[in-house]
Amino acid sequence: MRISGIEECYRPDTLEEALRILHAHEGEAAVVGGGLGIAAANDDNVKALIFLDGIGLKDITENGNEVRIGSRVPLNELIHSGTAKNYMGGQLTGVLKGVSTELIRNQMTIGGALIPDRRFSDIATALLAARADVVIFGENGQSRISLDDFYGRFEAVKGAIIKGICLNKDYSSYNFGMERFVRTATDSPLVNIAIMFKTEGNVIRDVSIAAGCGKSPTERFGEGEDFLRGRSLDEKTAGEFSAYVEQNLNASDDYRISGEYRRHLAGVFAGRILRRAGVKDGSGL
């Protein structure tokens, strides 16, 4: 895959220098982590590339009650990291292992997968459901915001550089699952949905849901969270929630698939995730 129209390339040594270059080009520069998303987009407006090789951002570490992952960490490195494998009992890395092909996972970076103009993103959906925080570096220095907030006010933060993400270990005991539909292994997903939840006894007490079905790469499904909270993890709930998702999830049409079919698939997937968690927990689904 070739990128055309590039006039300048930079390899800054610090985030401050990278940010200055980014702003100096006034929307005509792109920050390169692995480069996969930029190559696929082939945006004619991009005239300069800013490579972050000299800055690092490739660590996966534990710090107190959280796991920190640098924005330049390739997806396969995350999947095979012992630190990440231990998080949520390997449920999150198990989900990410099903994304795309081995070759693409070697190049796809965590930071690049979060950019909204990369179409639907399995990684963004998984991390949004997992309530990840994003660490960004902008004009006012470093700040940390929820991934939900990052997408909600992306226009205000898109001039910043993503440093990495943070995962809270408080969710390590939660159930987690994601389903996706693609035409080929290398295709961007036509629909995906991820659910993270905690049960007490057999009752769902805390839940977060994210889905990639609309015009943004992924969105929280708050109405679905309200629907599930306080319900038993059983076949009745799985069936009713599947129907609820199909009727109420925000989904849009495009040339590949209709919004109606996206909602249908998401409903099937949502029920499947709950049933699988019920079997694991011994709920008899």
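**Notebook: aromatic rings and their neighbours**

I went through the rings of this predicted model and counted 6 aromatic pairs.

Entry one. I looked up Phe150 and Tyr151, which form an edge-to-face pair. Their centres are 5.5 Å apart and the angle between the planes is 65°. The cut-off for edge-to-face is over 60 degrees, so this pair falls in that class. I then checked burial. Phe150 has a relative accessible area of 1% and is buried. Tyr151 has a relative accessible area of 16%; buried means under 20%, so Tyr151 also counts as buried.

Entry two. I turned to Phe221 and Tyr244. I noted 6.2 Å between the ring centres and 35° between the planes, so the pair is tilted. Where in the chain do Phe221 and Tyr244 lie? Phe221 is in the loop between strand 12 (219–220) and helix 11 (222–228), while Tyr244 belongs to helix 12 (residues 235–248). The two are 23 residues apart, and the pair links distant parts of the chain. I looked up burial for Phe221 as well: this residue is buried, at a relative accessible area of 3%.

How values were computed: Residues numbered from 1 in each chain as written. Predicted model: local features only at pLDDT ≥ 70, side-chain atom pairs only at ≥ 80, totals over all residues. Heavy atoms only, no water. Phe/Tyr/Trp six-rings, centres within 6.5 Å; stacked < 30°, edge-to-face > 60°. Buried < 20%, exposed > 50% of the residue type's maximum accessible area, 1.4 Å probe, protein only. Helix = DSSP H or I, 4+ residues; strand = E, 2+ residues; numbered from the N terminus.
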